[in-house]
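Please read the points below with the model open beside you. They are meant to be taken in order.

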Amino acid sequence: MKFIHTSDLQIGKAFGYFEPVTASILQDARQAVVRTLGDAAIKSDASAVLIAGDIYEKQQMSQPTLARAIENMRSFGTVQWHLMPGNHDHFRENGLWDRLARMQLPSNVRLHTRPGAVQIAEDGGVPVFLLPAPLHHISSAEDLSAYMDREATPDGAIRIGMAHGTIQGFGSEGEASNYVAPTRADEAGLSYLAMGDWHRQMKVSERCWYSGSPEPDRFKLPPNALTSLCNGGAALRVEINSARMSPEVLSIATARYQWHMVEKTLTEDMQIDLLESDLRALDSDLGKIVLDLRVTGALSLAGRRVFEERILQSIGVALRGLRFDEAGLVLDPTEQDLDEIDRAGFVRVAADRLKTIAGNMSNPSQAHHAALALKRLYIEHLRQGARS
Amino acid sequence: MKIRSIELANFRKFVGTVSVDNIGDNVNVLVGRNELGKSTLLQAINGVIFEKAKSTAQHVKCFRHFVNGTVPEVKLVFDVDGKSWTIHKRFAGQAGKAILTCSDRRIFEDEAAEAELQRLLGFAGSRGGGEPGIWGTLWVQQGQSFGDPELDEQAQRTMQGCLEAQVGAVTGGARGQKIPKAVREALEEIRGTRGPRGKFKDAMDRLDEVKGRAAELEAKRKDVFGLMEDLARNKRELNEARAGWDEAAHRIEIDGERTKRMAAAIRTAEIASARNAAGLAQERASNARQMVHDRAKVIAELDQLELQFKGFDAEAERALARKAEAKSSLDASEKTLANLRTQASRNAERTRKLERTRVAVSLNAEINQHQLTLKKAVTLETESTRLSEMIGAIAATDDAVTRIEEAVTQMSAAEAAMNAVATTISFAIEEGVRRRIFVDEVALKMPSASFPVLGKTVIAIREVGTIIVEPQIKNRNALVLRRQNADDEMKAALEAARVQDLASARVATAQRKEHERRLAEVRKEMENLAPGNRAKKLAAGLEALKSNLGELRGRLKAEMEKLTLATLPEDERLATEIEKNHEEGARLATDIETAEAELAGPQDLLAQADKKLRSAQEKVAGLKGTIDTKKADLQAGRATFSDAQFGANAEALERDAIGKAELLAEMQKSQGESLEAIDARIKRLEGAAANHQRSLADLGNEATRLTALIEANEGTGVEEMLLAAEAERDRLAGAVAEFEEASAVLQLLLETLEIAETEAKNRYLAPVVSRVEPYLKMLLPGANIVLDENLRIAAIQRDGQREEFEFLSGGTQEQLAVLTRIAFAELLLGQGRPATVILDDALAFSDDERIESMFDVLMRAGEHVQIIVLTCRKRLFTRLGAAPLEIRKTA
């Protein structure tokens with residue numbers, strides 16, 4: 001039995017910190033990943049795609065948002081899609097899942113809104129049962145997968161569990177408690193426990209995996225990350241050859257966009273070159289990159305100008321999305337900066353005064369405004385110079 | 001630069017060569033009539049410096065003579081940096097020629113000459129020629145002197161160079177000048193005086209709108225979830241309702257209850273019949289018992305009434321005896337009272353008689369009073385007559401006295417006038433011979449005497465002879481006549497007053513006045529004798545009094561006859577008698593009151609006794625009637641049924657009633673469940689069935705409604721819209737925060753720039769202001785000049801008030817403009833660049849006083865600045881005291 005394990009598509013998510021155009025593109029990528037998963041299933045010869053919760057971002061989604069995902073699944077007719085409510089789209093009577101059920105779903109799409117073993121396939125005469133643990137609330141105090149221990153299936157059947165929450169003892173990356181016992185797969189005799197909720201792909205045990213979100217959606221690095229690449233962007237291809245054998249699990253890249261988080265401290269203007277080359281090295285096509293850039297340190301006014309020209313106005317516009325945090329970046333105007341504004345005259349006097357105010361941290365707000373005013377004066381001076 | 005001389009050949013109006021030489025270091029004045037060519041001279045100076053010799057520009061072509069068009073030439077000699085320079089230009093278009101010669105023997109020709117000239121004088125060159133720059137400011141052409149000395153860009157650079165050399169670079173350069181403007185514009189794009197505007201305001205408005213929309217969506221989201229929960233609850237209730245209802249069992253139960261109801265209804269009818277029978281028997285027995293009871297009661301009542309009748313009868317007898325006793329007592333009291341009233345009546349009759357007697361006595365007294373008055377009137381009449389006669393005997397009145405006084409005065413005046421011109425004859429004669437001397441035949445009375453004489457006077461001395469004195473007085477006759485008239489008047493006045501002299505006239509007048517006063521008093525007294533009496537209807541006057549006296553006498557006589565009195569008693573005795581009678585009357589009145597009060601007791605006793613008697617008699621009569629009626633009724637009843645028969649019938653009916661009541665109790669005991677209880681149960685069961693059906697229908701309808709609402713909302717994706725709205729809200733909140741920050745930053749930048757700029761300008765303008773002000777003090781003491789950043793005169797400050805330049809008079813504007821130009825020249829001088837100031841027909845608007853002050857200013861400034869004044873006003877500018885220049889025709 002081969003299938004694709006994924007979760008946390010969170011279709012319909014809004015990206016408020018990006019411009020509407022960028023947000024729209026990122027939203028579109030979350031819909032499009034359904035097709036990527038379908039393609040991956042076909043390519044991997046997998047008969048099913050298991051989505052372990054949070055297919056949708058919320059419960060009251062628009063009809064086009066709901067239907068587009070289902071229609072994409074319909075188009076992969078040879079692939080069985082198994083959908084289960086997570087914490088974002090938990091089951092609620094008369095809610096999203098009842099609505100989906102009323103939608104004339106294609107035969108290759110099955111909803112698992114109640115716990116209980118359901119046969120989903122027969123693999124070489126061996127029945128394959130899916131034991132879903134759907135969420136009926138955002139947060140549940142009890143382990144919804146506990147029933148799997150007692151749930152009977154025919155002898156020799158392959159039992160695949162599907163749950164959404166946090167494996168106890170593995171941190172708290174998920175958004176809600178919904179704890180699942182780390183030994184569930186063994187205790188319930190599961191060949192595989194497909195977990196959802198964490199957007200990072202992670203192996204809990206030989207038989208228990210988090211697939212992670214197939215399309216990244218947040219700037220969060222995995223623990224002890226060696227690169228700037230954020231969580232998500234992949235699914236799992238799982239192959240179960242027998243109920244007793246460990247499954248073969250393979251990670252498959254599915255993301256359209258890579259999300260990176262880069263933190264840099266600039267203490268000299270020269271370091272801008274290095275930052276530029278680092279960013280350009282992220283991908284030959286910067287249009288695939290969504291970047292969270294956090295710059296700290298201090299730059300001269302001239303350095304700041306260079307930074308804006310080479311980072312923000314060059315790389316920044318090439319990126320698919322840029323979130324720029326300059327709260328930790330202070331302006332440290334040099335004498336040369338001030339001379340460049342003017343060597344004498346009232347403009348220079350004003351620049352000197354602003355520099356004094358900017359350096360007085362007893363009033364941080366005014367100091368900040370003064371630094372920005374100095375930057376503005378510098379830019380304005382250059383602009384006037386360009387005009388004359 | 002200092003100009004030393006200029007020479008023009010065939011320049012505009014000048015034919016041939018003219019020159020102005022010997023231009024000194026200080027103030028020079030060139031006086032000439034209109035049309036002499038003073039302005040042409042200034043034009044030539046400008047031309048030779050700023051226009052290229054080879055220029056083909058139209059205005060350069062106009063340098064040629066108006067008529068003959070000869071090629072013009074100008075030669076200007078000037079000093080710069082201690083060297084003497086000569087520029088000589090021949091304006092012949094492409095064939096033009098420029099030669100610049102220096103005292104150090106350097107010579108520059110054509111373009112080199114033009115370039116060196118630019119360098120020397122520091123003006124900007126251009127293709128068509130030089131731009132005058134500061135020279136355009138300092139060299140004031142005719143009709144331009146009263147305007148604000150505007151500096152063109154070049155001139156401003158020149159002055160700025162001077163100022164910055166003195167105070168350091170303060171302006172920030174041309175680029176710096178534009179920065180505040182750009183910052184202000186940027187700020188104004190997002191914030192106006194009334195708050196955010198433009199994109200900032202749009203973002204704020206949009207944020208408010210999106211927040212509102214997000215709040216609405218949030219509410220709607222909750223509503224939809226609420227609907228979902230309601231629907232879930234509704235479905236649960238519907239299922240529970242269906243599960244909890246057994247329709248077949250309900251049917252069986254209600255049918256059983258209806259059967260039970262029919263049996264119970266029959267039983268109930270039987271019991272009702274038995275209850276009626278028992279009730280009827282009980283009623284009959286009760287009636288019989290009541291009749292037995294009523295007869296026994298009547299018998300007992302009759303006994304009681306008869307006993308009571310006897311009591312009332314005895315009471316009536318007692319009341320009759322008490323009434324007789326009270327009547328006797330009352331009669332005795334009434335007799336005493338009647339006696340007292342008779343006495344009182346007699347007393348009252350005596351009182352009336354005494355009162356009439358007192359009236360008669362009063363009449364008599366009044367008659368006596370009238371008689372006395374009439375007697376006094378006669379006496380007063382006699383006195384009045386006597387006084388009138390005495391008054392008539394005295395002729396001296398106040399008028400007569402006045403006439404005599406005036407006559408005395410006239411007399412004195414006439415005598416004084418005569419004395420003034422009279423000849424005085426004085427005698428001093430021995431006593432022994434005095435009697436022998438006669439003056440106008442009158443013997444001399446005193447040994448020493450003087451006489452004034454007016455006319456001929458004969459002094460006879462017996463035994464000696466006569467001496468005639470005859471004074472010669474001019475108006476003697478008139479004086480004598482006046483004295484005679486006065487004497488006549490005196491005599492007439494005394495005679496009229498029947499007195500000898502003025503003193504006796506005054507005494508007589510006083511006596512007459514005393515008699516008149518006395519007469520007036522007597523008359524007044526007579527008038528007061530009979531003033532009349534309105535109360536007694538007595539008119540004023542003696543005649544009325546006499547008439548009244550007669551009437552009174554008549555009334556007295558009649559009264560005495562009525563009273564049968566021969567004489568009237570004395571007042572005192574009458575008063576005593578009246579008082580005594582009054583006392584008797586009062587005593588009798590008191591006795592009557594006492595007797596009347598004493599009468600009230602017996603009267604009350606009698607009334608009470610009477611009332612009691614009547615009451616007893618009424619009771620006796622009433623009781624008797626009742627007893628008779630009851631006896632008659634009893635007797636009639638006994639005639640029908642005897643007392644024994646009545647009792648036996650009652651006992652029989654009592655037994656029948658008890659039997660029927662026992663039968664009813666027995667039936668009720670075996671009745672079972674009541675009809676009402678069964679009806680209530682049936683009603684309850686029917687209601688439960690209806691409620692169940694209604695509940696099912698309601699729940700079904702509600703489920704349909706909720707489903708429809710949910711389906712209507714879910715398609716729109718409320719949460720998805722909410723996510724979008726929240727995302728937009730966050731973006732807009734970020735944008736608003738950025739605008740806020742940008743606004744604060746621009747505001748801070750602008751304020752900092754403006755403060756720095758203001759400080760810089762003040763420092764920058766200080767050198768110019770400090771140079772203008774000494775001259776301004778000479779012209780307008782106490783005033784200060786205000787320059788703007790372009791070195792233009794903005795205003796003056798006078799007495800703490802700012803007066804804008806444009807609103808000052810033309811004369812003051814012109815004077816200030818000249819002062820400022822001098823200040824500019826001094827600034828240039830301070831930088832080692834002496835500069836000539838040329839004023840062509842300046843100060844045209846100045847009044848006499850001001851122009852004198854301006855002459856002082858020019859001469860003071862001329863100590864270190866070269867000034868050339870061109871004017872047509874010879875007489876006025878003679879007072880300037882400057883070195884004179886003249887235009888000379890060169891051979």
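1. B:Glu229 counts as partly exposed, with a relative accessible area of 43%. Buried means under 20% relative accessible area, exposed over 50%, and partly exposed in between, with a 1.4 Å probe and protein chains only. The side chain of B:Glu229 meets that of A:Arg92 in a salt bridge, 3.3 Å from N to O. Because B:Glu229 lies in helix H7 (residues 198-243) of chain B and A:Arg92 in the loop between strand E3 (80-83) and helix H3 (96-101) of chain A, the pair joins two chains. A salt bridge is a side-chain nitrogen of Lys or Arg within 4 Å of a carboxyl oxygen of Asp or Glu. Helices (H or I, at least four residues) and strands (E, at least two) are DSSP runs, numbered from the N terminus.

2. Some notes on the source. This is a predicted model, in which local features need pLDDT of at least 70 and side-chain atom pairs count only at pLDDT 80 or more, while totals for chains, interfaces and linings use all residues. Residues are numbered from 1 along each chain as its sequence is written, chains are lettered from A and ligands numbered from 1 in the order in which they are written, and side-chain values use heavy atoms, with hydrogens and water left out.

3. How many residues of chain B are in contact with chain A? The answer is 49 residues of chain B, which are in contact with 44 residues of chain A. Contact means heavy atoms within 4.5 Å. Together the two chains bury about 3,800 Å², 62% of it on carbon and sulfur atoms. Buried area is the accessible area (1.4 Å probe) that two parts lose on being put together, summed over both. Four salt bridges are found across this interface. A:Arg353 and B:Glu759 also meet through their side chains in a salt bridge, at 2.6 Å from N to O.

4. Chain B as a whole. It has 20 helices and 25 strands, and 38% of its 891 residues count as buried. Among its contacts between residues at least 6 apart in sequence, 72% join residues at least 24 apart. Chain B exposes about 50,200 Å², of which carbon and sulfur atoms supply 52%. These accessible areas come from the Shrake-Rupley method with a 1.4 Å probe; for residues, only the protein chains shown count as cover.

5. Salt bridges within chain B. Over all chains, a search of the whole structure finds 98 salt bridges. One of the pairs inside chain B is B:Arg403 with B:Glu489, whose closest N and O atoms are 3.0 Å apart. This pair links distant parts of the chain, with B:Arg403 in helix H9 (residues 398-421) and B:Glu489 in helix H11 (residues 476-496), 86 residues apart. Both ends are partly exposed: B:Arg403 has 35% relative accessibility, and B:Glu489 has 31%.

6. The side chains of B:Glu383 and B:Arg518 meet in a salt bridge at 3.9 Å, N to O. B:Glu383 lies in helix H8 (residues 247-393) and B:Arg518 in helix H12 (residues 502-529), so the pair ties together parts that are 135 residues apart in sequence. B:Arg518 is partly exposed, at a relative accessible area of 31%. Salt bridges that share partners join B:Glu383, B:Arg386, B:Glu514, B:Arg517, B:Arg518 and B:Glu521 into one network.

7. Look next at B:Lys631, in helix H14 (residues 571-640) of chain B. B:Lys631 is partly exposed, with a relative accessible area of 38%. Not counting residues up to four places away in sequence, B:Lys631 touches B:Leu302 and B:Glu306. Its C-alpha atom is separated by 8.7 Å from that of B:Val298, 333 residues apart along the chain.

8. B:Arg12, in the loop between strand E1 (2-9) and strand E2 (17-20) of chain B, has a positive phi of about 50° although it is not a glycine. B:Glu441 has a positive phi of about 70° and is not a glycine either. B:Glu441 sits in the loop between strand E14 (437-439) and strand E15 (442-443) of chain B and is exposed, with a relative accessible area of 75%.
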